[in-house]
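Dear colleague,

Please find the structure below, handed over for your own work.

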Amino acid sequence: MKAIVVDRDYGSVTPEDLEGLQKRFAEADIDLEIAHFNSEDEIIAGCQDAEAILATGNPPMTEKVLTTLPNLKIIQRFGIGVNSINLPAATKTDTVALYMPGFCVEELAAHAASLILGLTRNTAYYDREIRKGNWPKAKYYAPKSISEITIGLYGFGGSAKPLYEIFRKGFQSRVISCDPFVPESIKDQFDVEFVDFNTLLKESDVISIHAPLNEETKHIFNKEAFKKIKNDAMIINVARGPLIDEEALIQALKKGEIRFAGLDVFENEPLNVNSPLRKMDNVLLTCHSAFYGEGSKKTQLKWAFELVSQALNEKKIQKRFVANQDISKSNTEFIFE
């Protein structure tokens with residue numbers, strides 16, 4: 001059986017991690033090739049005999065790719081987002097798209113909290129100024145009291161819930177959320193006010209994004225949205241870069257329509273060296289690393305091995321890891337549990 005890592009150099013796992021995974025697969029009679037392809041055509045040429053593709057990042061799993069790989073049965077993402085996989089095409093070609101919901105929710109929440117507190121308390125600003133030789137004691141924006149701010153969560157999925165715990169139970173902050181897909185049974189378990197999108201924009205002191213990227217959410221935070229946000233508010237993004245119209249955010253920051261931004265993800269990565277965001281004191285930047293941690297990495301590698309080997313060797317798939325859920329109705333090769 002043949003499996004291929006198609007984006008070795010993406011950076012979410014180390015070469016040593018992949019080599020260890022390769023050894024585990026070999027013990028399960030699966031030949032894992034470790035490669036890095038830069039285009040659809042390279043993936044197609046290099047994966048003709050692959051039964052499973054492992055994606056450490058977001059390689060283009062397009063309809064063109066999926067329809068020209070005759071042996072492909074499994075795509076395994078090393079993360080939560082599946083925006084780079086054409087899910088309808090995967091289902092049409094009888095390919096099961098697997099992902100890892102929940103593998104890094106604590107890390108994402110902790111990272112979002114660090115961005116919020118770093119911006120609120122001016123810690124990044126003070127650090128930069130001290131390193132320049134300055135001593136701006138009690139200067140810059142006067143920090144708000146954390147207990148008096150309203151945290152607005154766009155999306156109330158896995159990573160939003162521990163962030164709610166941090167601010168509602170830790171600091172007694174007010175927490176509101178916009179998420180039309182949360183069932184009432186879940187809402188009843190949390191001291192959260194569920195509001196519409198406009199209310200989230202108008203009432204939040206902090207907007208933290210925890211939603212998937214799709215046609216409905218792309219650029220949901222755009223020029224019009226920033227005009228509705230409080231001028232002294234901040235936006236935090238540990239989800240996917242294109243949920244924010246980056247140029248609109250830059251203009252909003254320049255015009256003072258919003259005070260702060262804490263960004264772990266961007267429309268194009270790496271962030272352009274000439275991006276104005278790099279020079280703004282009121283912006284805190286990290287390099288798509290909110291998922292990163294000892295626990296999340298251990299889970300990531302464990303699931304990558306277990307899910308693929310279970311599928312190829314035992315023909316069993318755990319449904320909660322399936323991104324294209326409809327395939328369980330048509331695919332007769334696997335047992336979906």
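**Cavities and pockets**

The search of this predicted model gives a count of three cavities of 30 Å³ or more. The largest cavity has a volume of about 120 Å³. It is lined by 14 residues, and those closest to its centre are Thr120, Lys144, Asp232, Met234 and Phe260. By class, the lining of the largest cavity divides into nine nonpolar residues, one polar and four charged.

Among the open sites, the second largest pocket has a volume of about 660 Å³. Its lining comprises 26 residues, with Tyr10, Asn268, Glu269, Pro270 and His288 nearest the centre. The lining of this second largest pocket is made up of 11 nonpolar, 10 polar and five charged residues.

**Asn122**

Asn122 lies in the loop between helix H5 (105–120) and helix H6 (123–131). Is this residue, Asn122, buried or exposed? Asn122 counts as buried, because its relative accessibility is 2%, and the cut-off for burial is under 20%. The side chain of Asn122 reaches the backbone oxygen of Tyr141 at 2.7 Å. Tyr141 is also one of the residues in contact with Asn122 once neighbours within four places in sequence are left aside; the others are Lys139, Tyr140, Pro143 and Phe260.

**Glu203**

Glu203 is placed in helix H9, which covers residues 197–203. With a relative accessibility of 32%, Glu203 counts as partly exposed, since that class lies between the limits of 20% and 50%. Not counting residues up to four places away in sequence, Glu203 touches Thr150, Arg174, Ile176 and Lys230. Glu203 and Gly152 are 51 residues apart along the chain, and their C-alpha atoms are separated by 7.9 Å.

**Cysteines**

How many disulfides does a search of the whole structure find? The search finds zero. Cys104 is accordingly in no disulfide, and the nearest cysteine sulfur, which belongs to Cys287, is 15 Å away; a disulfide would need the two sulfur atoms within 2.5 Å. Cys104 is buried, as its relative accessible area is 2%. Cys178 is buried too, with a relative accessible area of 10%, and both values fall under the 20% limit.

Yours sincerely

Terms used
Residues numbered from 1 in each chain as written. Predicted model: local features only at pLDDT ≥ 70, side-chain atom pairs only at ≥ 80, totals over all residues. Heavy atoms only, no water. 1 Å grid on protein atoms, 1.4 Å probe; cavity = no way out; pocket = protein on both sides within 12 Å on 5 of 7 lines; lining within 4 Å. Points joined across faces, edges and corners; volume = space filled by probe spheres on them. Nonpolar A, V, L, I, M, F, W, Y, C, P; charged D, E, K, R; others polar. Helix = DSSP H or I, 4+ residues; strand = E, 2+ residues; numbered from the N terminus. Buried < 20%, exposed > 50% of the residue type's maximum accessible area, 1.4 Å probe, protein only. Polar contact = N/O pair within 3.5 Å; in protein donor to acceptor, adjacent residues only side chain to side chain. Contact = heavy atoms within 4.5 Å.
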